[in-house]
Amino acid sequence: MIRTLLAEDQGMMRGALALLLGLEDDIEVVAQVGDGDAIVPTALDVRPDIALLDIELPGRSGLDAAAELRTALPSCRVLILTTFGRPGYLRRAMEAGASGFLVKDGPVEDLAAAIRRVLAGERVIDPALAAAALSAGPNPLTQRERDVLTAAVDGATVTDIAARVHLSPATVRNYLSAAIGKTGTRNRMEAVRAARQNGWL
């Protein structure tokens, strides 16, 4: 049996995936979590072969959890399953050590096959997303620029952003200016939107 941990924040989707995967003769869902902060502790407790992770979760993201799983439980392979098929997310997932990346609009048979292939040591990537990632190029934002844009998501003021990221307001302005230039946008909210659409945040 392929022991699988499922991380999905939408309860109905999580339950449906668990039910459908449970119909497979060789796949057993041994744990389900709805919060990113629960992924690593649960994985350490149940020792799955595969962690099937959504990206956007409450708490820590599936991408952050994937990176931590690579260190905390190296025997566990990570397969990202998400609604957000963005080239930047694919790049970040591969950098975090994920073995696969699929979007949720495919048939469950493809997901079950991908789980088997990832367990066998293959990389499984949605072909359309792979092509988009190759044409999109790398993320142009530095880690600090990403931090500042992430802190600006809710429309925060420069002073609020500075407090969140522990920088001076002048330094925050510089990072925002650089991010706006790199994203080809006119203001920080457009930069946030562009960065999210490309999967850079």
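**Exercise 1.** In this predicted model, Thr82 stands opposite Val103 in strand E5; determine how strand E4 and E5 are joined and which handedness the β-α-β crossover between them has.

*Solution.* Residues are numbered from 1 along each chain as its sequence is written. Local features need pLDDT of at least 70, side-chain atom pairs count only at pLDDT 80 or more, and totals for chains, interfaces and linings use all residues, while side-chain values use heavy atoms, without hydrogens and water.

Step 1. Helices (H or I, at least four residues) and strands (E, at least two) are DSSP runs numbered from the N terminus. E4 spans residues 77-82 and runs parallel to E5, with four bridges joining them; strands pair if DSSP finds at least two bridges between them.

Step 2. From E4 the chain passes through helix H4 (residues 87-95) to E5 in a right-handed crossover, that is, clockwise from the first strand over the helix to the second with the strands pointing away from the viewer.

**Exercise 2.** Identify the bridge partner of Gly100 in E6 and the handedness of the crossover from E5 to E6.

*Solution.* Step 1. Gly100 has Val124 as its bridge partner. E5 and E6 (residues 124-125) run parallel, joined by two bridges.
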